[in-house]
Amino acid sequence: MAISKDEVKYIAQLAKLHFEEDEAEKFAKEFENILEQFKTLDALDLDDVVEKRPTVLVTRKDIPKKCEIEDLFRNVKTMRDTAIEVPKIIE
């Protein structure tokens with residue numbers, strides 16, 4: 001399945017990204033390779049394969065850490081009083 005640069009640019013636009021021409025061409029080739037891998041997976045006969053699930057549940061303990069309020073808002077661009085102001089995402 002061939003992926004064009006225009007399709008890559010369209011997907012990038014939906015994700016609000018911008019790619020240069022050479023980047024779009026590179027991503028188009030990478031997308032084609034990914035889709036080829038899915039074709040390979042689709043061709044496999046998995047009727048006799050038994051699914052095995054792990055018997056041990058691996059979890060970690062939640063350990064609370066104290067942090068200063070300045071650390072919480074370190075990467076915030078704009079704030080109103082104690083609220084974080086974010087850009088509009090619904091068009």
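Start by selecting Glu21 and Lys5: their side chains form a salt bridge, with an N to O distance of 3.2 Å. Glu21 belongs to helix H2 and Lys5 to helix H1, so this pair ties together parts that are 16 residues apart in sequence. The model is predicted. A search of the whole structure gives 7 salt bridges.

Next, show the two helices as cartoons: H1 covers residues 5-14 and H2 covers residues 21-43. Two packed helices are described by the angle between their axes and the distance between the axes. Here the angle is about 100° and the axes are 8 Å apart. Angles from 65 to 115 degrees count as roughly perpendicular, and H1 and H2 are therefore roughly perpendicular to each other.

Now select the residues where the helices touch. On the H1 side these are Lys5, Val8 and Lys9. On the H2 side, select Glu21, Ala24, Glu25, Phe27, Ala28 and Phe31. By class, this contact of H1 with H2 has 5 nonpolar and 4 charged residues, and no polar ones.

Keep Phe31 selected and switch to a surface view. Phe31 is also part of a nonpolar surface patch of about 1000 Å². Ile11 is in helix H1. The most comes from H2, which gives 4 residues to the patch.

Note on methods. Residues numbered from 1 in each chain as written. Predicted model: local features only at pLDDT ≥ 70, side-chain atom pairs only at ≥ 80, totals over all residues. Heavy atoms only, no water. Axes fitted to C-alpha atoms, helices over the stretch in contact; angles between N-to-C directions. Parallel < 35°, antiparallel > 145°, perpendicular 65-115°, else oblique. Contact = heavy atoms within 4.5 Å. Nonpolar A, V, L, I, M, F, W, Y, C, P; charged D, E, K, R; others polar. Patch = residues over 30% accessible without salt bridge, like charges linked within 9 Å, V, L, I, M, F, W, Y side chains within 5 Å. Areas by Shrake-Rupley, 256 points an atom, 1.4 Å probe, with all protein chains shown as cover. Salt bridge = Lys/Arg side-chain N within 4 Å of Asp/Glu carboxyl O.
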